[in-house]
2 protein chains.
Amino acid sequence: MSLFDESAAYFRDLQERILTAVEGLEGDATFLRDDWSRPVSEEPGALQGGGYTCVLQDGAVFERAGVNFSRVSGVFSEEFAASMPGEGLAFEATGISLVIHPVNPYVPTVHMNLRRLSRPSGGWFGGGADLTPYYLDEADVIHFHRTLKTACLTHAQVVDYPKVKQWCDDYFYLPHRKEHRGVGGVFFDHMSDRPAETFAFIRAAGEAFLAAYLPIVERNKDRPYGERERDWQLHRRGRYVEFNLIHDRGTTFGLKTGGRTESILVSMPPSVRWGYRHEPEPDTPEAALLEGLKPRDWAGEGAV
Amino acid sequence: MSLFDESAAYFRDLQERILTAVEGLEGDATFLRDDWSRPVSEEPGALQGGGYTCVLQDGAVFERAGVNFSRVSGVFSEEFAASMPGEGLAFEATGISLVIHPVNPYVPTVHMNLRRLSRPSGGWFGGGADLTPYYLDEADVIHFHRTLKTACLTHAQVVDYPKVKQWCDDYFYLPHRKEHRGVGGVFFDHMSDRPAETFAFIRAAGEAFLAAYLPIVERNKDRPYGERERDWQLHRRGRYVEFNLIHDRGTTFGLKTGGRTESILVSMPPSVRWGYRHEPEPDTPEAALLEGLKPRDWAGEGAV
């Protein structure tokens, strides 16, 4: 089996385990499992392949959880091809991508993505995971970062933790708001050296995801909240939309290469509000969140 | 007074009349009037100038009406400068820009923008107006288009109605949805010839706006509706957000040139929903809207 095939098989298997874990936290809500494949088209550049888009909506714990797997091949535009390493216009891509928007404003939104991209001249891995809280719980944020850091430190021959942590902070930033989207995590791309070791790291990152996120859900999903916290959550989700539609490379890559719109935009929050100059009062938990979005060394020094 | 100054004075005056008209349709809700100006900065490229952002929120008729006036000067990036006619990096811009999101799903959202942009090598006018219904009322759409068409036909020496109607259809299009944002209107840019006559057309378009839109509000604002219509409206507003953040040149121009984020994003709808594969059943009023978004010659042949 090629590394590409092995990667696709791992991503699909991981997806299944995540679906089970998410449903395990829910009551009756289950995933809609949408197996799609594209018609083989003669149009130049048309994507071939398919995917498995799974969406759980209006659950007791999760307002929307979108967990995508896809495996496609196609042809880049010249402009897009020039923005990436390697040669040639043909590509194959496979990946898992998820965004989970919980009901309770005390449970953070989470994003995770792992992918392999192949061009005739070679391939690479990329991905990341990041946390977007509505209220800052420092213990939760530390747990999330330490879990991801451990996965990196155990594969230090292929991944440099401070670099991928910083990359995440730099990437999930909204210049027009002068705000980070969330409290970060890890972000990496174009990992083409030592493919076998890198694939081992990718798998470690995939396994770390559930360990990093699920305990945060369990700890906070039943905390009482009111209209104030819900309103703040809906307004903060507006920032998530702004980031995804203006800046996110995965989203713009997908939409520009003719990806499946419904699968790409399943990352959108289910309900969102925008206000004019909607700013928190000083010395409130909402103001504390904005302060908490400034990058910090959450995992602390040394091995964890 | 220079044409730039005259344009700014007209846009500011038109804004005031629109504020009065909108408040006249409301009960107690009034505009928050936010007079802002930027600190004079020594930073190269920093915008100078100011604006007057007016926002009415949570009214009985309008969920949000954002009506901006601005007058700024700055320095384009090389890349941005190359995408426009003329020479040099310095620019001045003044304009009025509005987006109105009504409460009642039977009242369409409307957008209007008029602007003058000056570079050392010369200046031009641009702008447009377009209607985004949630439910299709053909008489309303015909009225909107005919009113704008009349403003164009009376200034036919500087504006070609079929061209600006088509430009609007082409511009307000979401390729990833294969859908037009609304039922169109007019759109024009880079109007640099015959400046005095063009300014007369710009004023005619400004005056036509209220005549085109207000009767539609009055006719529909008290129509009864339920959760089904509200839910459809909130989902359709998601398309509005997608267009503005992914495609709209005004929004990306503003955010990329360091514009005032809160003034630019006042165009966002106040509440929005996204669903997965949220599609109307066949033979419903919601399905009829999607059919109605396909461009037509709404104003009909000949003078109106």
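How many residues does the contact take from chain B and from chain A?

## Basis of the model

This is a predicted model, in which local features need pLDDT of at least 70, side-chain atom pairs count only at pLDDT 80 or more, and totals for chains, interfaces and linings use all residues. Residues are numbered from 1 along each chain as its sequence is written, while chains are lettered from A and ligands numbered from 1 in the order in which they are written.

## The contact between the chains

Chain B gives 22 residues to the contact and chain A gives 22 residues. Two residues are in contact if their C-beta atoms, placed from the backbone, lie within 7 Å. On the side of chain B that touches chain A, the elements that give two or more residues are β2 (48-57), α6 (227-246), α8 (261-264) and β10 (271-273) of chain B. Such elements are DSSP runs numbered from the N terminus: helices are H or I with at least four residues, and strands are E with at least two. The largest share of this side, four residues, comes from α6(B). By class, the side of chain B that touches chain A has 13 nonpolar, four polar and five charged residues. Here Ala, Val, Leu, Ile, Met, Phe, Trp, Tyr, Cys and Pro count as nonpolar, Asp, Glu, Lys and Arg as charged, and the others, Gly among them, as polar.

Strand β10 (residues 271-273) of chain A is joined to β10(B) by three bridges, and the two run antiparallel. Val272(A) has Val272(B) as its bridge partner in β10(B). Strands are taken to pair if DSSP finds at least two bridges between them.

## Helix α6 of chain B

With 20 residues, α6(B) reaches 29 Å from its first C-alpha to its last, close to the 28 Å expected at 1.5 Å a residue. That expected span is 1.5 Å times one less than the number of residues in the helix. Buried residues of α6(B) include Trp232(B), Leu234(B), Arg236(B), Tyr240(B) and Phe243(B). A residue is buried if 20 or more other C-beta atoms lie within 10 Å of its own, exposed if 12 or fewer, and partly exposed in between, with C-beta atoms placed from the backbone.

## The sheet of chain B

In chain B, seven strands form an open sheet in the order β1-β2-β3-β4-β5-β6-β9, with antiparallel pairing. β1 (32-37) and β9 (184-191) of chain B stand at the edges with a single partner strand each, so one side of each is left without a neighbour in the sheet. From one strand to the next, the twist averages 5°. Axes are lines fitted to C-alpha atoms, for helices over the stretch in contact, and angles run from 0 to 180 degrees between N-to-C directions.

Strands β4 (residues 90-102) and β5 (residues 109-119) of chain B run antiparallel and are joined by nine bridges; Ser97(B) has Asn113(B) as its bridge partner in β5(B). Helix α1 (residues 3-25) of chain B packs on the sheet, and its direction makes about 15° with that of β4(B). Helix α3 (residues 138-153) of chain B lies across β6 and β9 of chain B, at about 25° to β9(B).

## Strand β4 of chain A

Of the 13 residues of β4 (residues 90-102) of chain A, 11 are buried, and the strand is mostly covered. Strand β3 (residues 62-75) of chain A is joined to β4(A) by 13 bridges and runs antiparallel to β4(A). Within this pairing, Arg71(A) has Thr94(A) as its bridge partner, and Gly66(A) stands opposite Val99(A). Nine bridges link β4(A) to the antiparallel β5 (residues 109-119) of chain A, where Ile96(A) stands opposite Leu114(A). A hairpin of six residues joins β4(A) to β5(A).

Neighbours within four places in sequence aside, Leu148(A) is in contact with Ala129(A), Gly185(A), Val186(A), Ala208(A) and Ala212(A).

Asp140(B) lies in helix α3 of chain B and is buried, with 23 other C-beta atoms within 10 Å. Not counting residues up to four places away in sequence, Asp140(B) touches Ile216(B) and Arg219(B).
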